[in-house]
Amino acid sequence: SGEFGVSDLDPAVAWATNVSHSQAQWQGGDVHAETTGTLTSDAQCFHMSLGLRVLLNDELFFTRSWSESVPRLLM
């Protein structure tokens with residue numbers, strides 16, 4: 001699921017978000033992964049954030065997040 005939008009006052013200001021769930025099961029194991037992503041912008045940069053959470057048999061197994069901003073370079 002996700003959503004996106006653009007400011008009515010400043011078209012350089014925009015955003016998009018997304019959440020995704022995946023699940024795998026096998027004998028003796030159940031894995032659930034949740035990923036999140038956000039992209040926002042302003043007049044100077046695009047800002048990106050990603051996240052990952054992995055549960056193994058309903059216990060936190062792994063988590064990580066990434067963030068980066070990059071110049072728009074006339075976009």
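The chain contains 0 helices and 5 strands, where helices (H or I, at least four residues) and strands (E, at least two) are DSSP runs numbered from the N terminus. This is a predicted model, in which local features need pLDDT of at least 70, side-chain atom pairs count only at pLDDT 80 or more, and totals for chains, interfaces and linings use all residues. Residues are numbered from 1 along each chain as its sequence is written, and side-chain values use heavy atoms, with hydrogens and water left out.

**Whole chain**

Display the entire chain as a cartoon. From the N terminus on, its elements follow the order β-β-β-β-β. The radius of gyration is 17 Å, well over the 11 Å that the globule rule gives for 75 residues, so the chain is more spread out than a compact globule. This radius is taken over C-alpha atoms, and the rule is 2.2 Å times the number of residues to the power 0.38. Along the principal axes, the C-alpha trace spans about 55 × 20 × 15 Å.

Next, switch to a surface. The chain exposes about 5800 Å², of which carbon and sulfur atoms supply 59%; accessible areas come from the Shrake-Rupley method with a 1.4 Å probe, and for residues only the protein chains shown count as cover. Of the 75 residues, 15% count as buried (buried means under 20% relative accessible area, exposed over 50%, partly exposed in between, with a 1.4 Å probe and protein chains only).

**The sheet**

Select the 5 strands. They form an open sheet in the order β1-β2-β3-β4-β5, with antiparallel pairing; two strands pair if DSSP finds at least two bridges between them. At the edges stand β1 (2–6) and β5 (59–71), each with a single partner strand, so one side of each has no neighbour in the sheet. On average, neighbouring strands of this sheet are turned by 10° against each other, direction ignored. For such angles, axes are lines fitted to C-alpha atoms, for helices over the stretch in contact, and angles run from 0 to 180 degrees between N-to-C directions.

Now select residues 14–26 and 29–41, which are strands β2 and β3; 13 bridges join this antiparallel pair. Within it, Val19 stands opposite Thr36 in β3.

**Val13**

Finally, centre the view on Val13, in the loop between β1 and β2. Val13 counts as partly exposed, at 30% relative accessibility. Leaving aside neighbours within four places in sequence, Val13 is in contact (heavy atoms within 4.5 Å) with Val6, Ser7, Ser41 and Asp42. The C-alpha atoms of Val13 and Cys45, 32 residues apart along the chain, are separated by 9.8 Å.
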